[in-house]
Amino acid sequence: MKKIEIHTFSELIAQGKTPEILFWVGCAGSFDERAKKITKAFANILNQANVSFAVLGSEEGCTGDPAKRAGNEFLFQMQALSNIEVLNGYNVKKIVTTCPHCFNTLKNEYPELGGNYDVMHHTQFLKSLLNEGRLTVSGGAFKGKRITFHDPCYLGRANNVYEAPRQVLEKLDAELSEMKSCKQKGLCCGAGGAQMFKDAEPGDKEINIKRTEEALDTKPEIIASGCPFCNTMLTDGVKNKKEEDNVQVLDIAELINQASDL
Amino acid sequence: MISILPNILFTIIFIFAIFNFSKNVKKIYRNINLGIKEDRSDNKKQRWTQMLRIAFGQSKMIDKPIVGILHVVVYVGFLVINIELLEILVDGFLGTHRVFAPFLGSFYDFLISFFEYFALLVIVAIIFFWSRRNILKINRFWKNEMKGWPKSDANYILYIEVILMMLFLTMNGADLWLQNNANDLNYLKAGAFPVSQFLLPLFDNLSINSVFIIERTAWWLHILGILSFLNYLYYSKHLHILLAFPNTYFANLNSKGRFSNLKSVTSEVKMMMDPSIDPFSAPAAEEVSKFGASDVSDLSWIQLLNAYTCTECGRCTSECPANQTGKKLSPRKIMMDTRDRLEEVSRNIDKNNGEFKPDGKQLLDNYISNEELWACTSCNACVEACPIGIDPLSIIIDMRRYLVMEKSAAPPELNNMMTNIENNGAPWPFNQMDRLNWKNEL
């Protein structure tokens with residue numbers, strides 16, 4: 001196993017190197033204890049698959065997604081324009097991110113403000129690594145395990161990416177089972193639209209509990225997702241249902257990282 | 001001798017009905033144009049395809065297979081029976097009877113039998129629809145916003161449609177009976193009546209004259225019913241039978257995750273970030289009255305068209321995660337409120353000689369509460385669920401923009417989140433310089 005090396009764009013540029021890919025880590029991936037594990041897993045995969053990549057480190061700032069969904073267009077555009085300045089300064093062409101909110105914002109909302117990049121969600125990127133043979137998966141660890149995939153809204157409905165994460169999961173030789181509402185009809189985890197940062201309005205249930213119940217109905221051993229916020233919401237839901245000893249909530253990057261022949 | 005009086009009467013009624021209908025259409029057009037301009041003249045080919053697929057082809061109705069197919073039945077019934085309407089109109093103007101029959105020969109028989117089968121299918125479908133609403137009490141038809149007029153409106157439409165179909169069949173049945181039995185009246189032997197033939201025994205004990213009166217009455221009530229229904233549309237959720245077409249044509253073609261970009265904000269932000277720009281020498285930016293939306297005139301014409309197009313089916317609301325978990329938000333209510341407020345503004349304009357007089361009311365607060373707006377997760381389930389391309393989410397976001405940028409009225413936790421982003425580039429209070437700390441934990 002290779003030692004994991006993480007470089008920033010500025011380091012590599014100073015050495016005269018141009019990384020092919022920018023790994024956009026995102027705020028959750030940088031600071032949230034749970035999400036950092038996803039970041040590390042994905043960084044490890046990139047290293048082992050010999051992908052030429054770099055991160056922005058302290059030059060990265062929130063894409064502005066939660067501000068925009070909350071209605072603060074000023075703050076969103078300030079974030080967007082300063083990020084675009086950094087990205088264009090490094091002449092970034094291709095971005096991969098483990099957060100569907102960053103993915104959506106960078107891909108769909110930055111172009112109009114002058115930021116044009118080829119943006120991929122990490123599940124799409126993993127799929128291409130697997131298809132190109134740059135990454136192989138033995139699946140041993142998850143063989144026959146029951147996995148259900150939760151579609152993040154900003155990956156699925158927002159950008160019509162439904163198949164890439166499922167195709168990656170198929171490589172695990174696991175038993176995939178779909179929830180009652182999935183793909184176009186997938187129920188939100190409850191975190192989107194800046195809800196992650198506030199209490200829910202009065203109601204008779206928390207959205208993440210409802211979604212967790214739908215996931216648990218498939219009797220899974222693993223609930224897979226591709227979003228740090230969904231991960232938090234579902235992990236909380238599983239704890240609330242006292243199922244944390246039986247059911248794991250894992251990101252697709254973590255599953256591949258554990259299963260790949262690295 | 002048949003006097004031409006009925007034809008004159010028919011023509012007058014027809015002209016009046018069309019005149020009144022076009023007045024309503026003009027009003028809808030005017031009201032939609034109270035919205036902010038938004039260019040949707042791009043990608044014509046893709047837009048036509050979208051309209052043909054979603055509105056004409058009903059592609060999204062089939063997401064719920066049983067009701068979807070029944071809806072297709074009613075829709076196709078509506079389209080094909082309108083062909084018969086053409087003949088009825090010509091007969092009405094000219095005092096002819098089944099004027100197309102001699103020209104079409106056996107094809108006429110085929111057409112009439114086709115209409116009859118569809119009329120029967122429509123009746124079956126509508127009985128099913130009515131039962132879903134009133135006996136099975138499907139949850140989404142009984143939400144709060146459906147109380148009162150919306151509930152009655154939905155049922156009225158079903159009653160009118162079933163009555164129209166029954167009148168059509170009665171008219172045909174009586175016609176067939178007269179073709180067979182009333183030699184003196186010279187009823188043209190034309191048409192095939194696979195459904196209404198079963199009504200024949202009902203007429204057997206009646207005099208020729210009575211059946212003639214039944215046939216004429218059914219004919220008149222049928223066409224009067226259709227013309228009244230046409231004029232009822234404006235007051236009803238049923239406008240979707242017309243507006244679904246423009247609505248799907250003009251609907252968003254971008255990824256659902258892409259929210260609109262406020263250009264007025266871009267120029268201000270650029271000015272703020274670029275020290276070399278002298279704000280006083282810069283050309284005066286276009287006057288921006290306000291950021292976001294608090295009333296219908298702050299919405300775009302697309303959003304107002306959406307409101308008129310909504311047929312209150314509630315597929316959006318039943319897919320909404322907030323609504324499913326008992327929150328006050330219902331995307332359908334957002335659309336209904338928008339239309340109700342737009343109608344209120346419209347009446348105000350009519351009353352004040354074409355000029356809106358401030359009435360101290362607005363869409364926000366008087367119709368839509370902050371609580372509803374803040375319950376949205378922006379998950380796009382409502383947008384995905386709408387069978388005719390309505391986007392309630394865009395209205396919610398525009399109203400949040402108003403709350404945040406004009407009123408600074410975000411929930412306190414969101415203000416904390418935004419302050420964090422402003423100060424340290426993340427929604428949580430962590431130092432931007434620590435973003436790469438995870439590297440040391442490898």
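The following exercises, each with a worked solution, concern the predicted model shown above.

Residues are numbered from 1 along each chain as its sequence is written, and chains are lettered from A and ligands numbered from 1 in the order in which they are written. Because the model is predicted, local features need pLDDT of at least 70 and side-chain atom pairs count only at pLDDT 80 or more, while totals for chains, interfaces and linings use all residues.

**Exercise 1. Determine whether the radius of gyration of chain A agrees with that of a compact globule.**

Step 1. The radius of gyration is taken over C-alpha atoms, and the globule rule is 2.2 Å times the number of residues to the power 0.38.

Step 2. For 262 residues the rule gives a value near 18 Å; chain A has 18 Å, so the two agree.

Step 3. The C-alpha atoms occupy a box of roughly 50 × 45 × 30 Å along the principal axes.

**Exercise 2. Describe the two domains of chain A and the side of domain 1 that touches domain 2.**

Step 1. The domain assignment (bounds come from an automatic or database assignment) gives domain 1 as 9-127 and domain 2 as 137-259.

Step 2. Their C-alpha centres lie 23 Å apart. The contact (two residues are in contact if their C-beta atoms, placed from the backbone, lie within 7 Å) takes 26 residues from domain 1 and 26 residues from domain 2.

Step 3. Helices here are DSSP runs of H or I with at least four residues, strands are runs of E with at least two, and both are numbered from the N terminus. On the domain 1 side, helix 3 (33-48) is one of the helices that supply at least two residues, and its eight residues form the largest share.

**Exercise 3. Decide whether I38(A) is buried or exposed.**

Step 1. I38(A) is placed in helix 3 of chain A.

Step 2. A residue is buried if 20 or more other C-beta atoms, placed from the backbone, lie within 10 Å of its own, exposed if 12 or fewer, and partly exposed in between.

Step 3. I38(A) has 28 other C-beta atoms within 10 Å and is therefore buried.

Step 4. Leaving aside neighbours within four places in sequence, the contacts of I38(A) include G29(A), T98(A) and P228(A).

**Exercise 4. State in which sense strand 7 and strand 8 of chain A pair.**

Step 1. Two strands pair if DSSP finds at least two bridges between them.

Step 2. Strand 7 (residues 222-225) and strand 8 (residues 248-251) pair in the parallel sense over four bridges.

Step 3. Within this pairing, I223(A) stands opposite V249(A) in strand 8.
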